[in-house]
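This briefing is meant to be read with the sequence and the model side by side. Please keep both in view while going through the points that follow.

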Amino acid sequence: MDSFTHFNEQGRAKMVDISDKDETVRTAVAKSSIQVNKEIYEGIQQGSMKKGDVLAVAQVAGIMAAKNTSQWIPMCHPLSLSGVDIRFDWNVKDDLYILAIEVSVKTKGSTGVEMEALTSASATALTIYDMCKAVDKGMMIGETYLLQKTGGKNGDFKRD
């Protein structure tokens, strides 16, 4: 069990001690998406969805999720985030309406913000689903993944 960082000498779960790690600027960018039907696409674009401004609510939910990641993911450290930015981009082709979600998270600290970015992207997509499910429950949330991260002893990462 010595090689597992999140287990103690009894083989029980523990939160890793990061007090000896250097405090550096750390960033992470995560992506997700949600595929909707034409009616939902038009409702979001026209601001006519019955529950209100879907993207504004989803953006706030995503920011809240990033700030509260340690409450969702058991071994995550509570972090003071410097910034969270969520961007949306429609990809419309034929009868496919896909909303791409990109989340950027930044902090200056002793551990990375990959989980905060991923949690935020997921919560943003889930909130869009929740805001639109009365119109169509067949929406599909796409792959959620880390696009890139900077900072920390393991160095930078960028998905090819």
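Among contacts in the protein chain between residues at least 6 apart in sequence, what percentage join residues at least 24 apart? In this predicted model, the share is 71%.

**The chain as a whole**

- The protein chain contains four helices and six strands, and these follow one another along the sequence in the pattern β-α-α-α-β-β-α-β-β-β.
- The C-alpha trace spans about 55 × 30 × 25 Å along its principal axes, and 34% of the 160 residues in the protein chain are buried.
- The accessible surface of the protein chain amounts to about 9800 Å², with 49% of that area belonging to carbon and sulfur atoms.

**Strand 1 and its partners**

- Strand 1, which covers residues 24-36, runs antiparallel to strand 3 and is joined to strand 3 by 13 bridges; within this pairing, Lys-31 has Glu-102 of strand 3 as its bridge partner.
- Strand 1 also runs antiparallel to strand 5 (residues 145-150), to which five bridges join it, and here the bridge partner of Thr-27 is Thr-150 in strand 5.
- With strand 4 (residues 140-141), strand 1 pairs in the antiparallel sense over two bridges, and Ile-34 has Ile-141 of strand 4 as its bridge partner.

**The two sides of helix 1**

- Helix 1 comprises residues 38-46, and its residues Ile-40, Tyr-41, Gly-43 and Ile-44 are buried; because these residues cover an arc of only 165 degrees around the axis, they lie on the same side of helix 1.
- Glu-39 and Gln-46, by contrast, are exposed on the other side of helix 1.
- The buried residues of helix 1 pack against both helices and strands, namely strand 1 (24-36), strand 2 (81-93) and strand 3 (96-109), together with helix 2 (54-67) and helix 4 (114-132).
- Strand 1 and strand 3, which are among the elements that the buried residues of helix 1 pack against, are also joined to each other, by the 13 bridges already described.

**The ends of helix 1**

- At the N-terminal end, helix 1 is capped by Asn-37, a side-chain oxygen of which lies 3.2 Å from the backbone nitrogen of Glu-39; Glu-39 is also one of the exposed residues of helix 1.
- Just after helix 1, the backbone at Gly-47 takes a positive phi of about 70 degrees.

How values were computed
Residues are numbered from 1 along each chain as its sequence is written. This is a predicted model: local features need pLDDT of at least 70, side-chain atom pairs count only at pLDDT 80 or more; totals for chains, interfaces and linings use all residues. Side-chain values use heavy atoms; hydrogens and water are left out. Buried means under 20% relative accessible area, exposed over 50%, partly exposed in between (1.4 Å probe, protein chains only). The arc is that of the directions from the helix axis to the C-beta atoms. Contact means heavy atoms within 4.5 Å. A polar contact is a pair of N or O atoms within 3.5 Å; within protein, one must be able to donate a hydrogen and the other to accept it, and residues adjacent in sequence count only if both atoms are side-chain atoms. Two strands pair if DSSP finds at least two bridges between them. Accessible areas come from the Shrake-Rupley method with a 1.4 Å probe; for residues, only the protein chains shown count as cover.
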